[in-house]
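Please find below a colleague's note on the structure under review. It is arranged as numbered points.

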Amino acid sequence: MTFMSRILPPKRHTDIAKFAVSATSSKETSQHKYIFVNDKKEIERLIKQARVINTLSGSYFDAPIHDQLENGITVLDSGCGPEVWTLEMSAKYPRSTFYGVDINPASDDIMRPNNCKFITQNILEPMPFPDDYFGFIHQQFLTAGIPSKNWPSLLAEMMRILKPGGWIELTEHIPIDIINCGPKFAALNKCIEDRANENGIRFSLGRELERHLLDIGAVDIAVRPMAFPMGHGGPNGEFWCENILGLFHGQYWRSVVKHYPGFEDHETLDKYLSETMEECARNKVSMVVYRYFARKPFGTSST
């Protein structure tokens, strides 16, 4: 079995995987080009990734909003991708209303409950919602897809549409913050950084979100650092390693070849990635992930 054949199961995961991609090219707007491919395999990877994030983090959210969700509030899942978090949360909390927003269009094949809605929208542009609308805003794993210069305006827009007393929660990984990193994975990380820099993305921003939340006036800021295992700790750790390394056959392949021309041969690269996965398992490598949550102060209406 090759490295690539392990990345995605041959069958689809659930009905959510019926998500049909109507356009396989990147979506582009006047402000931002989505740098990741949006084909069927990428959608399936994102579905599995979202579920593993929930499992490895131990919860769907950390903000103290369970009772509010039970009673019924309006929730935004910003940059929701294939709507995994949105759909599963809407099933858990039927009295709340959930909006998933993403630059890539969803499909009518997804059976959404009545309390779940989807809007195709570039989250880097003004949101089509009134001031003080949401009780909770959730976003995860977008530091690798949003240029650093856009984060202040994105967070300010979140604060505009968040109700006073409402919560923002951001879960972000730091691809260059690796615990017990070995030489093979360190070499690949250099390729990740180069690709990110070409697109104006700075991974270290994931460590700085507390400052950005302070800048928009958020209070009660808390952060929970986590370590996601790579190649060890059971099936989820194995998937997480395959999930990250698999990007080097796709999104980051040209960056790899730029540094290591010999990897233009996919079989050579496949062998190197398999050895890297073994290195991660042997060293018990983990990727650092941060979950921030913060509240909009009462008495600070955006209107």
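1. Basis. This is a predicted model, in which local features need pLDDT of at least 70 and side-chain atom pairs count only at pLDDT 80 or more, whereas totals for chains, interfaces and linings use all residues. Residues are numbered from 1 along each chain as its sequence is written, and side-chain values use heavy atoms, with hydrogens and water left out.

2. Helix 6 and helix 10. Helices (H or I, at least four residues) and strands (E, at least two) are DSSP runs, numbered from the N terminus. The axes of helix 6 (residues 183–198) and helix 10 (residues 266–283) come within 8 Å and cross at roughly 120 degrees. Axes are lines fitted to C-alpha atoms, for helices over the stretch in contact, with angles running from 0 to 180 degrees between N-to-C directions. Helix 6 and helix 10 are therefore oblique to each other; angles under 35 degrees count as roughly parallel, over 145 as roughly antiparallel, 65 to 115 as roughly perpendicular and the rest as oblique.

3. Residues of that contact. Contact means heavy atoms within 4.5 Å. Helix 6 contributes Pro183, Lys184, Phe185, Ala187 and Leu188, while helix 10 contributes Tyr272, Leu273, Glu275, Thr276, Glu279 and Cys280.

4. Helix 5. Within helix 5 (residues 151–161), the residues Trp151, Leu154, Leu155, Glu157, Met158, Met159 and Ile161 are buried. Buried means under 20% relative accessible area, exposed over 50%, and partly exposed in between (1.4 Å probe, protein chains only). The cover over these buried residues includes strand 1 (74–78), strand 4 (134–140), strand 5 (162–179) and helix 7 (209–215).

5. Ser78. This residue lies in strand 1, and Ser78 counts as buried at 0% relative accessibility. Leaving aside residues up to four places away in sequence, Ser78 touches Val101, Ile123, Met127, His138, Gln139, Leu142 and Met158. The side chains of Ser78 and Gln139 make a polar contact (2.8 Å), that is, a pair of N or O atoms within 3.5 Å; within protein, one must be able to donate a hydrogen and the other to accept it, and residues adjacent in sequence count only if both atoms are side-chain atoms.

6. Ile43. Ile43 is in helix 2 (residues 40–57) and is buried at 4% relative accessibility. The C-alpha atoms of Ile43 and Gly81 are separated by 7.9 Å, although the two are 38 residues apart along the chain.

7. Cysteines. The structure holds zero disulfides, a disulfide being a pair of cysteine sulfur atoms within 2.5 Å. For Cys116, the closest cysteine sulfur is in Cys80, at 8.2 Å, too far for a bond. Cys116 is buried, with a relative accessible area of 6%, and Cys191 is buried with 0%.
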